[in-house]
Amino acid sequence: MTINKNILHKALIAGLCVSLTFQSCKKSFLNVDPAGNVAATQFWKTEADATQAVNAMYANLHEWSNIAFAPIAVESMGSDDVNKGSTAADASYMTNFRNFSVNSGEGQVESFWDGEYQTINFANQILDNVPNIDMTASLKTRYLAEAKFIRAYAYFRLVRAFGDIPLRLHVPKQSEFNIPRTPKAQVWAAIETDLTDAAGVLPTSYDATNVGRITKGAALALHAKVALYQKKWADVVDYTNQVMGLGYSLFPDYEQQFRTTHENNSESIFEIQCAIVPNNPDASNSQYSQVQGVDGVTGGGWGFNVPSADLAAAYEPGDTRRDGTILFRGETTPEGDVIPTGGNSPMYNQKSYVPFSLFVSGYNEGAQQNIRVIRYADVLLMNAEANNELGNPGAALPSLELVRARARGGNPAVLPAVTTTDQVELRAAIYRERRVELALEFDRYFDVIRQGRGKAVFGVRGWKEGKNEVWPIPQNEIDLSGGVLTQNPGY
């Protein structure tokens with residue numbers, strides 16, 4: 001195991017997440033002994049302080065509100081790719097996201113909001129304080145670029161979920177605590193500025209001790225995605241072309257790329273680093289795999305966010321991604337685990353699966369699995385979509401074919417190459433490809449909305465145009481603001 005995973009947890013062990021005026025950590029699994037805390041007035045003095053703060057920012061990425069129930073509710077549950085899972089009564093509030101009856105008092109909406117602003121606060125602390133530290137200039141510049149990427153990532157998640165949101169680019173002074181929502185166009189612009197700055201500084205790769213930190217490729221790829229949501233097609237082509245020139249490649253085996261043995265592989269552009277820290281379950285706090293794991297089996301999990309029958313039926317015959325995405329009852333995994341024929345769901349998320357034999361008693365199931373956020377396949381499909389929208393099918397088809405070729409699993413008789421140059425037909429093919437390639441990776445719901453197909457795809461479950469493009473602003477935040485924050489229409 002490379003050092004990078006351990007350094008991302010040291011800050012939690014030191015209790016940084018409850019000092020330095022960062023927002024407090026509310027979950028029991030982050031309840032680390034604060035004895036080693038350093039007062040904020042004594043911090044931000046040395047290069048070691050800057051390093052510790054940056055590592056704390058990374059460690060925060062796998063905190064509960066960033067990767068567990070709240071993101072499942074806000075970023076996945078509205079999709080046609082998933083069902084709630086578990087028993088009907090267990091976390092029944094998730095059903096409100098499935099049928100679009102969520103109100104502004106829903107706890108998962110507020111948890112998601114809090115989690116992303118906590119991430120932004122970590123980044124803003126660094127961006128406000130590290131410039132004043134006397135330290136190695138190149139390292140300082142890189143740390144600031146990493147913080148800008150993380151801030152951009154959190155704002156990306158917020159703006160696509162809520163639309164207009166408060167934009168904070170500094171740690172607020174007392175007079176700045178209560179600010180109104182910023183128009184989403186300005187938020188998108190701020191995200192793009194951060195990503196442009198980050199891409200101009202970050203390296204294309206790291207040595208073994210720092211693998212997993214943010215790279216130039218990650219900044220460019222996220223920028224492409226930000227442009228995709230705004231239909232800036234020429235920018236999408238530009239940024240994806242740059243990423244395609246950086247040496248990434250599709251991992252040969254679709255299913256295996258998600259296993260712990262193949263983390264940070266040739267396809268990985270941005271992964272949240274997770275690990276089991278010896279003798280410290282509190283620091284080994286990722287529950288991403290646990291909440292989605294096979295229920296009713298040791299080493300499995302809680303059985304939420306499970307594949308839907310609609311997703312299972314969406315794959316073409318012979319597509320290896322179906323078996324690499326979905327764990328079916330009664331099947332035996334490549335690692336030899338038998339999925340019980342009982343259980344609460346007929347299918348489970350195979351991308352979050354960690355072999356049962358890797359379970360360590362006293363730790364969350366699957367706590368050691370990295371979380372794949374941006375893969376090279378996503379970049380190729382963004383490139384194909386943008387080229388098609390620009391009327392350039394000749395450039396779109398090769399990127400699409402690379403993704404489909406890997407999905408054949410070496411069988412040339414399946415998944416015939418897409419050859420149409422008709423823009424409407426090719427658009428449909430690319431949309432389908434995004435669905436099956438990126439299934440259960442928390443993109444499908446917002447993909448459908450940005451494509452303008454929300455009512456057509458989700459309307460049968462109660463999705464309403466002019467309302468459900470975004471989720472409600474948490475009512476508690478509106479109340480605390482004294483009405484300075486306003487609610488989204490229809491809630």
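This is a predicted model: local features need pLDDT of at least 70, side-chain atom pairs count only at pLDDT 80 or more; totals for chains, interfaces and linings use all residues.
Axes are lines fitted to C-alpha atoms, for helices over the stretch in contact, and the angle between two of them runs from 0 to 180 degrees between N-to-C directions.

The axes of helix α9 (residues 216-229) and helix α14 (residues 376-389) come within 10 Å of each other and cross at roughly 40 degrees. Because angles under 35 degrees count as roughly parallel and those from 65 to 115 as roughly perpendicular, α9 is classed as oblique to α14. The crossing of this pair, α9 and α14, is left-handed. On the α9 side the contact is made by Ala-221, Ala-224, Lys-225 and Leu-228, which meet Asp-378, Val-379, Met-382 and Glu-385 of α14. By residue type, the contact of α9 with α14 comprises five nonpolar and three charged residues, with no polar ones.

The second pair consists of α2 (47-60) and helix α6 (residues 107-129). Here the packing angle is about 165 degrees, and the axes of α2 and α6 lie 10 Å apart. Since angles over 145 degrees count as roughly antiparallel, α2 is roughly antiparallel to α6. The crossing of α2 with α6 is left-handed. Residues Ala-53, Val-54, Ala-56, Met-57 and Asn-60 of α2 are in contact with Gln-118, Thr-119, Phe-122, Ala-123 and Ile-126 of α6. The residues of this contact between α2 and α6 divide into seven nonpolar and three polar, and no charged residue takes part.

Two residues other than glycine have positive phi values. Trp-44 lies in the loop between α1 (3-13) and α2, and its phi is near 55 degrees. Its relative accessibility is 11%; the limit for a buried residue is under 20%, so Trp-44 counts as buried. Asn-279 is found in the loop between β2 (268-272) and α11 (288-292), with a positive phi of about 65 degrees. The relative accessibility of Asn-279 is 76%; as exposed residues are those over 50%, Asn-279 is classed as exposed.

Arg-259 is located in the loop between α10 (233-244) and β2. With a relative accessible area of 2%, Arg-259 is buried. The side chain of Arg-259 forms a polar contact with the side chain of Glu-255, at 2.6 Å. When residues up to four places away in sequence are not counted, Arg-259 touches Glu-335, Gln-350, Lys-351, Tyr-353, Gln-369 and Arg-372.

Gly-343 belongs to the loop between β4 (326-328) and β5 (347-349). Gly-343 and Gly-296 are separated by 47 residues in sequence, while their C-alpha atoms are 6.1 Å apart in space. Apart from residues up to four places away in sequence, Gly-343 touches Asp-295, Arg-329 and Tyr-348.

Notes. Residues are numbered from 1 along each chain as its sequence is written. Side-chain values use heavy atoms; hydrogens and water are left out. Helices (H or I, at least four residues) and strands (E, at least two) are DSSP runs, numbered from the N terminus. Buried means under 20% relative accessible area, exposed over 50%, partly exposed in between (1.4 Å probe, protein chains only). A crossing is left-handed if the near helix is turned anticlockwise from the far one by less than a right angle, and right-handed if clockwise. Contact means heavy atoms within 4.5 Å. Ala, Val, Leu, Ile, Met, Phe, Trp, Tyr, Cys and Pro count as nonpolar, Asp, Glu, Lys and Arg as charged, and the others, Gly among them, as polar. A polar contact is a pair of N or O atoms within 3.5 Å; within protein, one must be able to donate a hydrogen and the other to accept it, and residues adjacent in sequence count only if both atoms are side-chain atoms.
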